[in-house]
Amino acid sequence: MTHLRSKRLPRPGAALAAVAGLVAALGLGATGEARAAEPARVATSTPDASRWADRAHGFASLAGGTTGGAGGKVVTVTDQASLAKYAAAEEPYVIRVAGTVAVEPFGSDIVVASDKTIIGVGDTGEIVHGELHLNPGTHNVIIRNLTIRDSYVEGDWDGKTTDFDAIQMDAVHHVWIDHNRFTRMGDGLLDIRKDSQYVTVSYNQFSDHNKAFGIGWTNNVQTQITIDHNWFTGTKQRNPSADNCAYAHLYNNYVSAQVADGDPVWTYGNWSRGRTKMVIENSYYDRVQHPYQADATAELVERGSILRKTSGRTDERGAAFAPRDFYDYRLDPAAAVPALVKKFSGPQQRIGVTLHVPGAYSTVQAAVDAVPDGNDVPVTIAVAPGTYREKVFIPAAKPKILLRGTGHHRSDTVIVFDTPAEYGGSTGSATVRIAANDVTARNLTFSNDFDEAAVELKGEQALAMKTTGDRIVFEDTAFLGNQDTLMTDSPKLNVISRVYVRDSYIEGDVDFIYGRATTVIERSVIKALSRGSTTNNGWITAASTWTGNPYGFLITRSKIVSDAPAGSFHLGRPWHPGGEPNAVAQVLIRDTRLPAAIKSSPWTDMSGFSWKDARFTEYQNYGPGAAETQDRPRMSDEDARSHTVTAYLAGTDGWAPHVRH
């Protein structure tokens, strides 16, 4: 965009702190005004969010924790060869299993090496006729959100002729088995053997099987294991059986519809064997023979569980141990367990891949780089609170990324750089560029803290954000800068990209919201910064909408604020990049509060193009800057009915990111 020399006076304080506390100071008054100036929202989670937490809990979280393939590349596999290749690799990988992977020969092993996450895509990732096998010494493995099924050999109910488990591990440590479905295998569904340590098994379903889940098989007493929120249904024994475990903590498990074959001994629920110390809390046993039992040499403490239509042994002996001496955990009421476990156990559609910055990836860009080209399922990049001085580029080949700050407020997590257009052009100045489709950013601040008042350059444009992708969403975000703060664009003039900005904050002085993308800004605060002039401090918008696109910029239900003198700021001007005649700005500002800083004639010409040839309108704005004058086109009531958030964003695919609010 044409450079305009900045005369803005230096701002006190650092740019990074500009948004902190600002929105709270801009509280709105009268009923009916936009709610955009509410304080930055706390990043709260839903009551059930912990059911899908992407970090291991229980014993798997101790002694360094279990992170799986964190820090490695993300890959998606659809066949046995690819799964086997990445699972056995020496380097860390996050391996997404999409659809059904059928294993041949029947019952064969897929060897899983250390530092791996194997996770099903959505709720349909599954491994059929095969076993995941962890050899001795393997460590730091996460297996989540998969179905592993159907290696049962007909007629071999006791599993005496095969060893076709769903997952088998020997002498491993730090393993998290979570949200899987195990059914109809050849021997055990889950076998954790030979002194494996620091294991958590949570939110899994074990069904239609004889020997569900066994632990142990040595005389040593070393294994530490947490088993919670699992559903055992239609199983006979080992629900689980724990042999010589140092600590076995079972809570909120649901054992139901046990196979009733009249076996007086080997049909049971939980068994504390050998010298195991077992604690059972708030579990639910429904139609179970021998719900929980302990050898004379073992210890078992039970508290808070519910027994319904059960029979046989309910042994309690010894003091066992206190799980809270090792870790904290949430204990659900036993009465709620059947409903909770039925709803939340097994593969879940909403469980996805989360890449943590800086925990697993040192920079935001490193996490972006880990996302595979051609990505077709959502990936979350969770950015911890802090200031990240880096430039970030999300290329077109990496769609479906959620960039999420994990702090309480958007000001807690800041991505910032200080490049002006003098060094790399307007695009090269952008702190963050998003070329991919279907990208969402939430609870973050994007900043370009180039100090335009401190130096004299020809190119002082300094973008905090540039987008060219389609279906881009910004929620509870802040954009800090001066000239050209936020550019929402498209790959070329006659290609329509859409951007939705909600509950956010944007500041700048010259053309600081600009580009040709169809852009909706709703329920947000826009601050027009003073450059120290009493007559012209800048322009809020500089749209370059393609003439064939009826929808350019819509600012609605928002609040424009300013520290500039009265009558010194424009709403916008028409940008024709390179003199392009078919870039005809369309801007509608409606239902928005305008400050006294807005000029009575708020639209101006640009580079020889008249504002009167552009499509500039207002509708039902209010506030001291909303006076009606001859130079302020008003949209009619009839036209306003077709210039809504829905109309701007729908396109040809019915995109409607606003409806979930």
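The legends below describe close-up views of a predicted model. Local features need pLDDT of at least 70 and side-chain atom pairs count only at pLDDT 80 or more, whereas totals for chains, interfaces and linings use all residues. Residues are numbered from 1 along each chain as its sequence is written, and side-chain values use heavy atoms, with hydrogens and water left out.

View 1. Ten strands form an open sheet with parallel pairing, in the order 1-2-5-8-11-14-16-19-22-25, where strands are DSSP runs of E with at least two residues, helices are runs of H or I with at least four, both numbered from the N terminus, and two strands pair if DSSP finds at least two bridges between them. Strand 1 (73–77) and strand 25 (299–303) are the edge strands, each pairing on one side only. Helix 1 (residues 80–87) packs on the sheet, touching strand 1, strand 2 (93–97) and strand 5 (116–120), a contact being heavy atoms within 4.5 Å. The direction of helix 1 makes about 160 degrees with that of strand 2; axes are lines fitted to C-alpha atoms, for helices over the stretch in contact, and angles run from 0 to 180 degrees between N-to-C directions.

**View 2. Strands 11 and 14.** Strand 11 (residues 173–178) pairs with strand 14 (residues 197–202) in the parallel sense over 5 bridges, and Ile177 stands opposite Val201 in strand 14.

**View 3. Surroundings of Phe446 in the largest nonpolar core.** This core has 67 residues, and Phe446 is among those with the most contacts inside it; a nonpolar core is a set of buried Ala, Val, Leu, Ile, Met, Phe, Trp, Tyr and Cys residues joined through side-chain atoms within 4.5 Å. Buried means under 20% relative accessible area, exposed over 50% and partly exposed in between, with a 1.4 Å probe and protein chains only. Not counting residues up to four places away in sequence, Phe446 touches residues including Leu403, Val432, Met465 and Phe474.

**View 4. Ser429 in helix 4.** Ser429 belongs to helix 4 (residues 425–429) and is buried, with a relative accessible area of 0%. The side chain of Ser429 reaches the backbone oxygen of Ser426 at 2.7 Å.

**View 5. Two asparagines with positive phi.** Asn145, in the loop between strand 8 (139–144) and strand 9 (147–149), has a positive phi of about 60 degrees and is buried at 0% relative accessibility. Asn282, in the loop between strand 22 (277–281) and strand 23 (284–286), has phi near 45 degrees and is buried, with a relative accessible area of 14%.

Terms used:
A polar contact is a pair of N or O atoms within 3.5 Å; within protein, one must be able to donate a hydrogen and the other to accept it, and residues adjacent in sequence count only if both atoms are side-chain atoms.
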